[in-house]
Amino acid sequence: MAAREKEIQERLAAMTPAEQERVLGYIREISGEPPALKPGRDLLRFAGIWTEEEADEISKAIEEGCERVDLDGWKVDPDGW
């Protein structure tokens, strides 16, 4: 085993499971692997955190501001960016 691989294994062994998960995510990211999807049940903790009025206000803001396209705002600079 190469010295680099041995060092990586030693460092991983010293990490907490959460830290190892972060490292694995980074490896997947730099390898070009698409990110893992979260199950819908992970979003349930957010259910019911807004009142009906707050949800209506957010929906209205999305409809008013987020669904418009400003074509002038997307002009490409001929020099790159």
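**View 1. A salt bridge joins Glu33 and Arg28.** Glu33 and Arg28 form a salt bridge in which the closest N and O atoms are 3.7 Å apart, a salt bridge being a side-chain nitrogen of Lys or Arg within 4 Å of a carboxyl oxygen of Asp or Glu. Glu33 counts as partly exposed because its relative accessibility is 42%, and Arg28 is likewise partly exposed, with a relative accessible area of 33%; here buried means under 20% relative accessible area, exposed over 50%, and partly exposed in between (1.4 Å probe, protein chains only). The model is predicted, so that local features need pLDDT of at least 70 and side-chain atom pairs count only at pLDDT 80 or more, while totals for chains, interfaces and linings use all residues. Residues are numbered from 1 along each chain as its sequence is written, and side-chain values use heavy atoms, with hydrogens and water left out.

**View 2. The protein chain holds three helices and zero strands.** Along the sequence the pattern reads α-α-α, where helices (H or I, at least four residues) and strands (E, at least two) are DSSP runs, numbered from the N terminus. The accessible surface of the protein chain comes to about 8,300 Å², of which 56% belongs to carbon and sulfur atoms; accessible areas come from the Shrake-Rupley method with a 1.4 Å probe, and for residues only the protein chains shown count as cover. Of the 81 residues in the protein chain, buried residues make up 0%.

View 3. Glu7 counts as partly exposed at 39% relative accessibility, whereas Arg11, at 55%, counts as exposed.

**View 4. Helix H2 carries Ile30, part of a nonpolar surface patch.** Helix H2 (residues 17-30) has 14 residues and reaches 20 Å from its first C-alpha to its last, close to the 20 Å expected at 1.5 Å a residue, the expected span being 1.5 Å times one less than the number of residues. Leu24, Tyr26, Ile27 and Ile30 make a nonpolar surface patch of about 390 Å²; patches are made of residues with over 30% relative accessible area and no salt bridge, like charges being joined within 9 Å and nonpolar side chains (Val, Leu, Ile, Met, Phe, Trp, Tyr) within 5 Å. Ile30 is exposed, with a relative accessible area of 58%. H2 is followed by Gly32, whose phi is positive, near 85 degrees.

**View 5. Helix H3 holds Glu52, a member of a negative surface patch.** The patch gathers Glu52, Glu53, Glu54, Asp56 and Glu57, with Lys and Arg counted as positive and Asp and Glu as negative, His and the chain ends not being counted. The place of a charge is taken as NZ of Lys, CZ of Arg, CG of Asp or CD of Glu. Glu52 lies in helix H3 (residues 52-66) and counts as exposed because its relative accessibility is 62%. Helix H3 also contains Lys60 and Glu64, four residues apart, about one turn of the helix, and these two form a salt bridge whose closest N and O atoms are 3.9 Å apart. Glu64 counts as partly exposed at 44% relative accessibility.
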